[in-house]
Amino acid sequence: MPSAPRGPRAGASPTADLYLGFSAEPLRADGVLRMVAPTVALAGDTLVILRHARGLRRPPPHRRVAWLIDDDVAAGLGDRALPWAYRAHLARTAWPAWRRWSRRADLILAASPALADRLRAVGATAPITVLPPAWPADAMARPGTGPIRRVALSMGLSHARDAAPLGAALADLLSRWPDLRVEVTGAGSGMAPLRGHARADLRPEAPWPAYWDRLRGRSYDLGLVPHLAGGPFNASRSGAKLGEHAVAGAAVLGQAGWAPGDAARRAGRALSVEGGAEAWTAAIEAALQDPAPARAAAEAAWTHLRADAAGERQRAVWRAIAEGTPPPEAAP
């Protein structure tokens, strides 16, 4: 698989890489933009804060602040569908930045249209540009052909309750499909039915960028995105999982109601499920019985994402910010 660029600094964050690190190397080489902390950049005379500014000891001189946010932090604090530990993490890290910069930033960049709407609803008055994530196109593996044999469920702590209902469902499918293999990253307690199964690979959640390094070496057929827990936090989720699964050459099977997944499904670039664990079992089994729809969706996604030029649009946004001009809207 072709090597892909590293993010702005090793160990920074997925936010830093997906919204700047993977796309902005030419701008850094030209001196248009420079990193001053793992999640903070200086673009011209604008200080760019990528989610939060942890690690920034002393801000360099600047005239404006642009704040990029990829989660509805305010909703997450009270969303009981999220694990307590994740809500505590939000409170410690992202909430202070949300509280400050949602009201005081000169420009806000939001990861999804739903998140932009939510920011306006809670009182943000700065101009808001929607800036979707951009995975490196040259790292996206060409989807395979033939039967669906490898299914992956990749999640962090914030997804644990979303994915929990699928533990028993995946164990049931493994019992009935002897050629099926399942890989779960970030396995929570809901994955207990899979523990010890010879064809289930349960991996701990890996810190970034170790997860990115591992992702580039993976190859599977179907990537599951089960936003099953509901709740207001999920309502503003970005489409990052679409590109993540494309890196492994997989078709995306997402929960209906996840806006980026629904848009991809309408364009023929993803599959979706409406319902709970039983509906998910049926949808995965349908792909095992007839791989053609999943293979076609994966191929369409690969073609679209490689031609989509999301990184170029990100560069146009960052260059405009550096020049002090209104950034172009990066289409979701």
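**Entry 1: Q314 and its surroundings**

I began with Q314 and listed its contacts, leaving aside residues up to four places away in sequence: Q314 touches L18, Y19, L20, S23, L131, P132, P133 and A134. I note at the outset that I am working with a predicted model. Looking up where the residue sits, I placed Q314 in helix α14, which covers residues 310-323. Among the contacts, I looked at P132 in particular, and found its backbone oxygen 3.0 Å from a polar atom of the Q314 side chain.

**Entry 2: the six-stranded sheet**

Next I traced an open sheet of 6 strands, whose order is β1-β2-β3-β4-β5-β6 and whose pairing is mixed. Which strands stand at the edges? I found β1 (33-37) and β6 (128-130) there, each having a single partner strand, so that one side of each lacks a neighbour in the sheet. From one strand to the next, I noted a twist that averages 25°.

Within this sheet I followed the pairing of β4 (residues 64-69) with β5 (residues 107-110), which is parallel and extends over 4 bridges; in this pairing I saw L68 standing opposite L109 of β5.

I also checked which helices lie across these strands. Helix α1, residues 14-21, lies across β1, β2 (40-43), β3 (46-50) and β4, and I noted that α1 runs at about 130° to β3. Helix α6, residues 113-121, lies across β4, β5 and β6, and its direction makes about 165° with β6.

**Entry 3: helices α4 and α5**

I turned to helix α4 (residues 84-92) and helix α5 (residues 94-104), whose axes are 3 Å apart and which pack at an angle of about 50°.

**Entry 4: strands β10 and β11**

Last, I looked up strand β11 (residues 251-255) and asked how many of its residues are buried. I found that 5 of the 5 are, so β11 is largely enclosed by the rest of the structure. Strand β10 (residues 222-225) runs parallel to β11 and is joined to β11 by 4 bridges, and I noted L222 opposite A251 in β11.

Notes:
Residues numbered from 1 in each chain as written. Predicted model: local features only at pLDDT ≥ 70, side-chain atom pairs only at ≥ 80, totals over all residues. Heavy atoms only, no water. Axes fitted to C-alpha atoms, helices over the stretch in contact; angles between N-to-C directions. Helix = DSSP H or I, 4+ residues; strand = E, 2+ residues; numbered from the N terminus. Polar contact = N/O pair within 3.5 Å; in protein donor to acceptor, adjacent residues only side chain to side chain. Contact = heavy atoms within 4.5 Å. Pairing = 2+ DSSP bridges. Buried < 20%, exposed > 50% of the residue type's maximum accessible area, 1.4 Å probe, protein only.
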